[in-house]
Amino acid sequence: MADEQKHHHVHGAHCSGRRQAADNEKASESGARYTCPMHPQIVRDKPGSCPICGMALEPVGVPEEEGPNPELVDFTRRFQVSAFLAVPLLLIAMGPMVGLPFRHWIGERASVWLEFALATPVVLWAALPFFRRGYESFLNRSPNMWTLISIGVGAAYAYSVVATLAPGLFPAQFRGEGGAVPVYFEASAVIVALVFLGQVLELRARERTGSAIRALLDLAPKTARRIKDDGSEADIALEEVRVGDRLRVRPGDSVPVDATVEEGRSSIDESMITGEPVPVEKAEGDPVTGGTLNKNGTLVVRAERVGSETVLSQIVDMVAKAQRSRAPIQGLADRVSFYFVPTVVLVAILAFIVWALFGPEPSMVFAIVSSVSVLIIACPCALGLATPMSIMTATGRGAQSGVLIKDAEALERFAGVDTLIVDKTGTLTEGRPGLTDVVTVGTWEEKQLLMLAASLERGSEHPLAEAIVAGADDRGIELEKVGNFDAVTGKGVVGEVNGRQVVLGNRAMMEGAGVAVEHLTERADTFRAEGKTAMFVSVDGEAAGLVAVADPVKETTSNAIRSLHELGLNIIMATGDNERTARAVAERLGIDEVRADMLPEDKQKLIEELRAKGARVAMAGDGVNDAPALAAADVGVAMGTGADVAVESAGITLVKGDLNGIVRARALAQATIRNIKENLFFAFAYNALGVPVAAGILYPVFGTLLSPMIAAAAMSLSSVSVIANALRLRSVKLG
C-alpha cells in the first residue's frame with residue numbers, strides 16, 4: 001500500500017515540539033536529519049517511519065550521502081522473500097477453488113503444515129516493520145492503515161497456528177476433511193506481500209525527489225581557479241572560495257560563485273536562472289551567477305556571495321523545502337481505516353462478550369473464534385493492491401501517450417487542479433531562437449542581405465548570431481570570409497565582407513556608424529511588439545534592411561491552450577522574459593494572465609500567493625529556474641525536453657515536451673483517481689459484509705458460525721475485482 005495514504009487525524013504539536021523541530025533543522029546543516037511532513041515535531045537522525053501516522057520520514061534540507069535508501073533496500077528484500085513464499089502458499093490454499101489439485105496430492109494435514117512453514121518467515125520476519133508501525137499507532141492512539149494490517153495479519157496467523165498445533169481445542173463444527181480446522185496462513189502472507197509491493201513502489205518514487213536536489217548541486221563546479229596576490233593561479237575546492245577572492249572563469253566553464261566581472265568580456269548562458277535561451281553579454285562591472293555557463297571569452301571575476309548565500313544554493317534550499325513541506329495525500333484507505341478500525345475492534349469485542357455469555361458450549365471457544373474471525377476478515381488483502389495496481393496500469397497507459405507519472409500523489413492532485421502556470425521558453429515556445437524575418441530596402445535582395453549578415457555573424461560572439469547563421473544555412477546560402485571584424489559590447493558587430501563595410505546591430509550602433517535608420521524604426525517596433533528581437537543592417541554606410549530573431553511558439557501550443565480552457569483551467573504565463581515579449585506571445589495564444597521578469601523565487605511566491613487564495617495550482621516548466629516552482633506547486637509538470645532537475649522536481653513529465661500532453665495527463669488523472677476509489681470500495685465492501693457473518697449473525701438462523709469458504713471467497717473476490725477494475729485503465733481514452 002502506498003505511503004502517500006496517510007492518516008488524516010493530525011495531532012496538535014506542542015510549542016516545545018515546534019522549537020525542537022526548528023533546532024533540529026539548524027542542526028541538520030552538519031548532518032542529515034529526517035522529519036515527518038505532517039508532524040514536524042518528529043525529527044530523527046536516520047530514515048524511518050513517523051510514529052504518529054506511519055509515513056516515511058523525509059530528509060531535512062539536502063541529504064549529504066548519495067546511494068540507495070536503506071529502507072528501500074530492506075523493503076525490497078522483504079518484498080522478494082514475501083512474494084516468493086506467498087505464491088506457492090496461495091496455490092496450495094486456493095488451488096481447489098480454481099481446479100488445481102495441489103492440496104489433494106499433498107493431503108489436507110500435510111498441506112496445513114506446509115502452509116505453516118511457508119507463512120512463518122513472512123509474518124515473523126518480513127512483516128516486522130508493519131507490526132512496529134501498528135504498535136506505534138496503538139501507543140499514539142492514531143488508528144491508521146498499519147493498525148488494520150497488523151491486527152488482521154496477527155490475528156490470521158495466530159489463529160491459524162493454534163488451529164494447526166491444537167485442532168482438538170475447536171468444536172466439531174469447525175473441523176473439515178480429516179479433522180483439520182480451516183487456517184488463514186495464505187491470507188496473512190498475501191496481505192504482507194501486497195502491502196510490500198505498494199511500499200516499494202512508493203519508496204522508489206520518493207528516492208527520485210532526492211536526485212532532483214543532487215542534480216541542482218551538480219550545476220556548480222567542484223573547483224574554482226583562484227588568482228593569488230602575486231598573480232599565480234591554482235585550482236581550489238569550491239568550499240574554500242571566500243568573498244573577495246579573484247577567480248578566473250575560462251570558456252566552457254561554469255561560474256563557481258555569484259561574482260562581479262573585473263576583466264574580460266564574454267556571453268553567459270543564464271538559462272538556469274532566467275529560463276531564457278539567449279546568452280547574455282557580460283563585461284567589466286556586470287554581475288554573474290554561480291552555476292551559469294561561460295560560453296566563449298575568459299573572465300576574471302571577484303566573488304561576492306559564496307556557500308549557502310549563492311543564488312544556486314538558495315534554489316537548492318527552495319526545492320528541498322518545497323518537497324518536504326508539501327502536505328501528503330490524505331489517503332482514502334486511512335480515512336476509512338480511522339473509522340473502520342475502532343468499529344471492527346468494537347464488533348470483535350461485542351462478538352466475544354455475546355458468545356461468551358449466551359453461546360452454546362464450549363462458549364469460550366466460540367467467543368474466541370468469532371472475535372478472531374472478525375479481525376481476520378476485516379483486513380482486506382485487496383487494500384494493499386488497490387492503489388499500486390491502478391497506478392501501475394495508469395503509468396503504463398500514460399507512457400504510451402508520452403505522459404510519465406511519478407506517483408499516485410501527483411495524479412490525485414492533478415485531477416483537482418483549477419489553475420495552470422506555464423513558463424514561456426521551452427514550454428509554449430521551442431526554447432531556441434530562430435530567424436523569423438528579413439526585411440530589405442532599396443535594391444537589396446533578401447538572400448544577398450542575409451548572406452552579408454550571416455557571414456558577419458559567423459565570427460561573432462553575439463548571443464543571437466547562431467540564429468542568423470542557422471537561418472542562412474536553412475535557406476542554402478553560402479557564407480563569405482570576413483575581414484577587420486570587431487564587436488562592440490551591447491551594440492553590435494562590424495566587418496568587411498567581399499570588400500563591403502557591413503554593420504549589424506541596434507539603433508545605437510547605427511547612430512555611432514552615422515547610418516540613418518528612421519525609415520526602418522517603425523517596422524522594428526512592430527517586430528518587437530510581436531516578441532521578436534530586431535537588428536538593423538547597413539552596407540557601406542547606407543541602411544540595407546532588418547533581420548528579426550525570435551523564439552518561435554510550438555505548433556501544438558495554440559490548440560493545447562484552447563483544450564485546457566475547455567477543461568476549465570485558468571492559465572497564467574510566468575516567465576523571466578521582458579513584459580513586452582511576454583504580452584505579445586500571451587495575446588496571440590489567448591492566455592488569461594501574464595507575469596513577466598520573474599526570477600525563480602518570484603514564481604514560487606506566485607504559487608504560494610495563488611494557493612493562499614484557495615487555488616489548486618499546477619506548474620508546467622522545463623528549466624532549472626522552474627524547479628522550485630515545480631516542487632512548490634500542488635503538482636509540477638515538466639517538459640521532458642528540458643533540464644533533468646525540472647523533470648526530477650515534477651510529479652508528471654511530458655516526454656515530447658508537448659503542451660497537449662497536459663490535456664492527456666488531466667484525462668488520465670481523473671480516470672485513475674476514479675479507478676482507485678472504485679478499487680478501495682471493492683477492497684472494503686466484501687470484507688465489511690463478511691464482518692457480521694464472522695461475528696455470528698447467521699448462527700441463530702442457519703446454525704453457521706463462519707464458513708471458511710465465505711472468508712476465502714471474500715478475500716479472493718475483492719482481489720480479483722480490484723485487478724480487473726484496474727486493468728480497465730489500459731483502454732481509457734485520453735483525447
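Start by selecting V192: skipping its neighbours within four places in sequence, V192 is in contact with S82, V122, A126, A127, F130 and V153. Contact here means heavy atoms within 4.5 Å. Before you go on, know that this is a predicted model, where local features need pLDDT of at least 70, side-chain atom pairs count only at pLDDT 80 or more, and totals for chains, interfaces and linings use all residues. Residues are numbered from 1 along each chain as its sequence is written, and side-chain values use heavy atoms, with hydrogens and water left out.

Buried means under 20% relative accessible area, exposed over 50%, and partly exposed in between (1.4 Å probe, protein chains only).

Helices (H or I, at least four residues) and strands (E, at least two) are DSSP runs, numbered from the N terminus.

**Aromatic rings**

The structure holds 6 aromatic pairs. Rings of Phe, Tyr and Trp (its six-membered ring) pair if their centres lie within 6.5 Å; planes under 30 degrees apart count as stacked, over 60 as edge-to-face and the rest as tilted. Show F75 and F130: their ring centres are 6.4 Å apart and their planes sit at 90 degrees, so this pair is edge-to-face. F75 belongs to helix α2 (residues 70-94) and F130 to helix α5 (residues 128-139), so the pair ties together parts that are 55 residues apart in sequence. Are these two buried or exposed? F75 counts as buried at 2% relative accessibility, and F130 is buried too, with a relative accessible area of 1%.

Then pick W113, F116, Y157 and F185, which form one aromatic cluster. Hop over to R78, which lies over the face of W125, at 4.8 Å from the ring centre. For a charge to sit over a ring, NZ of Lys or CZ of Arg must be within 6 Å of the ring centre and within 35 degrees of the ring normal.

**Helix α18 and its surroundings**

Select residues 518-529 to see helix α18, whose buried residues are L520, T521, A524 and F527. Look down the axis of α18: these buried residues fall within an arc of 125 degrees, so they line one face of the helix. (The arc is that of the directions from the helix axis to the C-beta atoms.) Turned away from that buried side is the face with the exposed residues H519 and E522.

What covers the buried residues of α18? The cover includes β15 (434-440), α17 (507-512), β19 (533-539) and β20 (542-550). Just after α18, check G531, which takes a positive phi of about 85 degrees.

Zoom in on S538, found in strand β19. S538 counts as buried, at 1% relative accessibility.

**Last stop**

Finish at L630 in helix α22 (residues 627-632). L630 is buried, with a relative accessible area of 0%. L630 and M619 are 11 residues apart in sequence and 5.6 Å apart in space, C-alpha to C-alpha.
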